Amino acid sequence: MDLLLELVDQYGYIAMFLFSWIVFLGLPVPNEIAAAFAGYLTEWRHFDPYTSFLFMYSGLLSYGIFGYFAGDRFGTRLMIRKFKNGKMQTLMEKGENWIERYGSFAISISYFIPGVRLVMPYIAGTAKGITLIKFIIYAAPSAFVWALVYFQIGRYFPKSFRRIVEEVSLKAGIVAGVLVSCILIYFLLKLLKRKYPSFLRKRIRYRK
């Protein structure tokens with residue numbers, strides 16, 4: 001936290017833009033904590049909340065666009081070289097599987113899954129059929145909701161936001177998992193209904 005305060009003291013609102021780049025810059029601060037910290041500063045350092053959120057959200061989108069172009073140009077090698085560990089390789093494989101199974105919708109879901117959110121822009125850049133415009137369409141709304149939730153946690157719970165962020169992150173992952181399962185069931189039923197028209201069709205009984 002002291003490191004984030006130093007950035008704010010030196011760069012002001014620009015630091016909130018950099019908060020979304022914290023992990024890529026090699027600083028051991030989770031994105032969720034950094035986003036909530038931006039909200040915290042509006043209460044304890046009297047930064048304007050609208051300007052603070054705008055800079056933080058812009059940083060989040062710019063990181064995604066950077067990741068998309070990097071993935072399009074270098075593939076996922078850049079992230080693997082930057083973070084040389086088995087966990088990053090696992091996240092990459094998980095993200096690629098999500099793209100294959102859920103298509104562009106995986107981009108939206110990824111913002112609520114710790115870790116996957118970091119690598120998804122690179123994977124989207126390598127995927128065929130996902131243009132930059134399509135990436136932004138799926139990423140921007142989810143990024144906005146994610147940023148707003150953690151930003152508001154920092155604003156309204158300045159003394160306990162770190163504990164709350166951890167709990168919210170865990171529950172967000174569970175909710176995202178349930179949502180994905182529901183979507184899969186929906187498309188599976190739709191596919192079955194298309195292939196087998198009589199499937200799920202209710203039998204109508206007439207009274208004689």
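1. Helices H4 and H8 (residues 116-126) pack with their axes 6 Å apart and at an angle of about 40 degrees, where axes are lines fitted to C-alpha atoms, for helices over the stretch in contact, and angles run from 0 to 180 degrees between N-to-C directions. H4 and H8 are therefore oblique to each other, a word kept for angles that are not under 35 degrees (roughly parallel), over 145 (roughly antiparallel) or 65 to 115 (roughly perpendicular). Contact, meaning heavy atoms within 4.5 Å, involves residues of H4 including Tyr 63, Phe 66 and Gly 67, and residues of H8 including Leu 118, Pro 121 and Tyr 122.

2. On the basis of the model, this is a prediction, in which local features need pLDDT of at least 70 and side-chain atom pairs count only at pLDDT 80 or more, while totals for chains, interfaces and linings use all residues. Residues are numbered from 1 along each chain as its sequence is written, and side-chain values use heavy atoms, with hydrogens and water left out. Helices (H or I, at least four residues) and strands (E, at least two) are DSSP runs, numbered from the N terminus.

3. The count of aromatic pairs comes to 14, taking rings of Phe, Tyr and Trp (its six-membered ring) as paired if their centres lie within 6.5 Å, with planes under 30 degrees apart stacked, over 60 edge-to-face and the rest tilted. For Trp 21 and Tyr 63 the ring centres are 5.4 Å apart and the planes stand at 90 degrees, so this pair is edge-to-face. Because Trp 21 lies in the loop between helix H2 (13-18) and helix H3 (31-44) and Tyr 63 in helix H4 (residues 49-74), the pair ties together parts that are 42 residues apart in sequence. Trp 21 is buried at a relative accessible area of 15%, and Tyr 63 is buried at 6% (buried is under 20%, exposed over 50%, partly exposed in between, with a 1.4 Å probe and protein chains only).

4. Tyr 57 and Phe 144 form another edge-to-face pair, 5.5 Å centre to centre with 90 degrees between the planes. Tyr 57 belongs to helix H4 and Phe 144 to helix H9 (residues 132-156), so this pair ties together parts that are 87 residues apart in sequence. Tyr 57 is buried at 14% relative accessibility, whereas Phe 144 is partly exposed at 38%.

5. Ser 110, in helix H7 (residues 105-110), is buried at 1% relative accessibility. Leaving aside neighbours within four places in sequence, Ser 110 is in contact with Trp 98, Val 116, Arg 117 and Met 120.
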